[in-house]
Amino acid sequence: MSYLRLEKAVMTNLEESLRRELLRTNRSGAYSASTLVDCNTRKYHGLLVVPVPELDDENHVLLSSLDCTVIQHGAEFNLGLHKYQGNNFSPKGHKYIREFDCDVVPTTLYRVGGVLLKKEVVFQHYEDRILIRYTLVDAHSATTLRFRPFLAFRSVRQFTHENNTASREYHEVDNGIKTCMYAGYPDLYMQFNKKNEFIFHPDWYRGVEYPKEQERGYASNEDLYVPGYFEMGIKKGESIVFSASTSAAKPATLKKMFDEEVADRVPRDNFYHCLVTAAHQFHFRDRRSGTMEKIDKKDERYLLAGYPWFKARARDTFIALPGLTLAIGEVDYFEMVMKTSEKALREFMTDMPISGKIYEIDHPDVPLWAVWAIQQYVKEVGKEQGYKMYGKLVKDIVKYILADGHPNLRLDDNGLLYANGRDKAITWMNSTANGKPVVPRSGYIVEFNALWYNALKFCASLEAELGDKKLAADLEQRAEVCKASFIDTFLNEYGYLLDYVDGNMMDWSVRPNMIFPVAFDYSPLNQDQKKSVLDICTRELLTPKGLRSLSPKSGGYNPMYVGPQTQRDYAYHQGTAWPWLGGFYIEACLKLYKRTRLSFLERHMVGYEEEMDYHALGTISELFDGNPPFHGRGAMAFAMNVAEILRSLKLLEKYTYKK
């Protein structure tokens, strides 16, 4: 039986099926996403969602959905599903679903009387092309298929409504048509591998509603344009392949193209393979060559922070990079992403314009997380290769900070780093309301200084063994000063760490940021201090979905990420649970207690595995409510969460088989 298989009872129950989403990406920024029953519930959903750099830096929904209708003996059975205003669903095609399987590619089996129709969907890698294969598994009489495309041609952050500006013009191409609703957009090519008839019958479908936007207090309805429909006969055992793309396809190649894409997929037959597939979804190749036909060495590689709305963010990149690459044996992709990221870092450190597509490179902890990521690479490949690849970058980052090169990092005489975050969010806890940080972490920030101590010690160890021994000795001395000040500043009489200290302002909130100095390879804390911090994290922050962003015992605890956007902003880091933080918790546990806590940590991982067939299939949501039943919220897929779970699995495996 397939690992990701849902039966009719789940698929036909909209309470269950509409909360489950499915994501496909092409590893070049484009994606396809909807619910399992192909009823779009977000404005970000769409069958073909692509970047249009000629317009802006956003993704754009070209093809919202494609309704398939089965016709037999003049009777029509529409397999589509849309939600309209007033909680009306039409045409309720989900009732024909017999089962859904997502082992290799998402596959839906429909039964309409004696007709058994199978639908399989893939997004072609490195192409803006979605491919759908329809196979008539069984039929007792002549069968016709009708396909009705719903077009949007809009940014993912906007809506489209009926208007007179939209072009109704279309042109016939091989086995299909091409059309473009608005100037500036690329043509949308819709083609089949088989001859068909296109009937031009333009119409607007009005009042399509997106409940996920409604929940957030946003506008939630739009009108979609249908230019007409395609019709063709299909015989028992026959397969028809549909292609929607920004470039023309040769119809005769579509079947082979689909088969090649299927062969390139890793079967999602267990928890680990689901996560590997999810990891690949965050890959982003920016096509420097201007062509999609082949991979160019000049192409820049990134990791998108998540789907459907995140871009390549610098901090997320460095935190996620080891888990999404090294943990699954893909050292080469680590090096490709780091090459692109190093370029951006060096541009920032030398006050040059940032030439790539990596965002928030100016945040003060970003270079420190880059050092941490390189540290994980060195553990994987060895010190000599690691130093050869990135020794100079590590040294340059440390020297840059020592010289007070960063505009918002000040190295004080006590050896600690000071950063101003009162007016602008500068840490991963970055939610804002009314233009101000919800959690204004400023001054001496606990993870910034844990990262700094770790960077000093790591750089010193590399230089002592392979490079400048004088520099190594100097860094060791600086690390000792930092260590003493760290303990004096952050460790309180209750055995945990203050979150930040800014003059007389000390944040006593119990937050997960204190887990980092326990998990890092180099820590300013001794064993007893680490155990005390870890015990408090276990008692007050640990959930089946990672660590809470705030303890229930602390003021302002708000664990439910629900309601209008402003309400969500105030809850974002005030008690919600984050799986990526759980990765550092697991690492800290293993370092302190070795194999004695293996069974406890393995049981903890079950909380993530149950997410594989819930929320977004085969991946991990952005965050979770901090209270039971710990519902997944926010973005449907989040890179740091997937990365740290993969890294945790590798750490657990290491300790499981260690003699």
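## A buried tyrosine and its partner

Tyr377 is buried, with a relative accessibility of 0%; buried means under 20% relative accessible area, exposed over 50% and partly exposed in between, with a 1.4 Å probe and protein chains only. Tyr390 is buried as well, at 2%.

Tyr377 and Tyr390 form an edge-to-face aromatic pair, with centres 5.1 Å apart and planes at 75°. Rings of Phe, Tyr and Trp (its six-membered ring) pair if their centres lie within 6.5 Å; planes under 30 degrees apart are stacked, over 60 edge-to-face and the rest tilted. Because Tyr377 sits in helix α8 (residues 366–381) and Tyr390 in helix α9 (residues 383–402), the pair ties together parts 13 residues apart in sequence. Helices (H or I, at least four residues) and strands (E, at least two) are DSSP runs numbered from the N terminus.

## How the model is read

This is a predicted model, where local features need pLDDT of at least 70 and side-chain atom pairs pLDDT 80 or more, while totals for chains, interfaces and linings use all residues. Residues are numbered from 1 along each chain as its sequence is written, and side-chain values use heavy atoms, leaving out hydrogens and water.

The whole structure holds 40 aromatic pairs. One of them is tilted: Phe192 and Phe242, 5.1 Å centre to centre with 55° between the planes. Phe192 belongs to strand β16 (residues 188–192) and Phe242 to strand β19 (residues 239–245), so this pair links parts 50 residues apart in sequence. Phe192 is buried at 0%, and Phe242 is buried at 0%.
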